[in-house]
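Colleague: I'd like a close look at one part of this model, the charged side chains and who they pair up with. Could you walk me through it?

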Amino acid sequence: KQWYQRRVAITAGRNKLKYFAFLRKRMNSNPSHGPFHFRAPSKILWRTIRGMIPHKTQRGMEALNRLKVFEGIPAPYDKTKRMVIPSALRVLRLKPGRRYASVGRISREVGWKYGDIVDKLETKRKEKSAAYFEAKKKLNALKAKAEAGA
């Protein structure tokens with residue numbers, strides 16, 4: 001599953017209510033001055049991480065500029081090996097039977113319109129990846145056979 005489908009350890013309804021409470025916060029005199037409420041899962045994650053670093057200092061700004069967040073896995077990164085953070089796994093963090101919600105689901109419920117497009121692109125990417133992996137397995141089998149014969 002993609003990161004935007006990752007789980008949040010509270011029910012979807014409660015998280016949605018919390019996000020709607022956040023959406024109600026705005027500048028009374030001129031709402032275009034902020035706060036800005038992102039709907040996309042990547043931007044929600046970006047803003048969450050921004051709250052964890054000193055983004056008003058030079059060091060924090062540089063760290064935030066190095067951070068890249070996407071919906072799905074775009075072209076240059078689909079060929080790289082994906083890593084798992086063991087301490088962040090749901091199996092290890094949540095008790096069995098606890099309810100959880102995905103960031104993607106909450107984003108769709110608060111107004112993100114591109115979930116279907118991202119899902120379609122991800123299925124296409126997974127098909128290409130599976131075909132590449134099958135070809136790679138065949139090539140490795142041929143190499144092993146050639147090394148065994150030599």
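How many salt bridges does a search of the whole structure find?

Modeller: Keep in mind that this is a predicted model. The search of the whole structure turns up 6 salt bridges. Let's start with Glu109, which pairs with Lys16, their closest N and O atoms being 3.7 Å apart. This pair links distant parts of the chain, since Glu109 belongs to helix α5 (residues 103-109) and Lys16 to helix α1, 93 residues apart. Glu109 is partly exposed at 31% relative accessible area, and Lys16 is partly exposed too, at 27%.

Asp119 comes out at 24% relative accessible area, partly exposed, while Arg108 has 35% and counts as partly exposed.

Now stay in helix α6: Glu134 and Lys137 both lie there, 3 residues apart, or about one turn of the helix. They form a salt bridge with 3.6 Å between the closest N and O atoms. Glu134 is partly exposed at 40%, and Lys137 is partly exposed at 42%.

Back to Lys16 and Glu109: together with Arg105 they make one network, joined by salt bridges that share partners.

Some charged side chains meet rings instead. Lys43 lies over the face of Trp46, 4.7 Å from the ring centre, and the charged end of Arg90 sits over the ring of Tyr100, 4.3 Å from its centre.

Definitions and conventions
Residues are numbered from 1 along each chain as its sequence is written. This is a predicted model: local features need pLDDT of at least 70, side-chain atom pairs count only at pLDDT 80 or more; totals for chains, interfaces and linings use all residues. Side-chain values use heavy atoms; hydrogens and water are left out. A charge sits over a ring if NZ of Lys or CZ of Arg is within 6 Å of the ring centre and within 35 degrees of the ring normal. A salt bridge is a side-chain nitrogen of Lys or Arg within 4 Å of a carboxyl oxygen of Asp or Glu. Helices (H or I, at least four residues) and strands (E, at least two) are DSSP runs, numbered from the N terminus. Buried means under 20% relative accessible area, exposed over 50%, partly exposed in between (1.4 Å probe, protein chains only).
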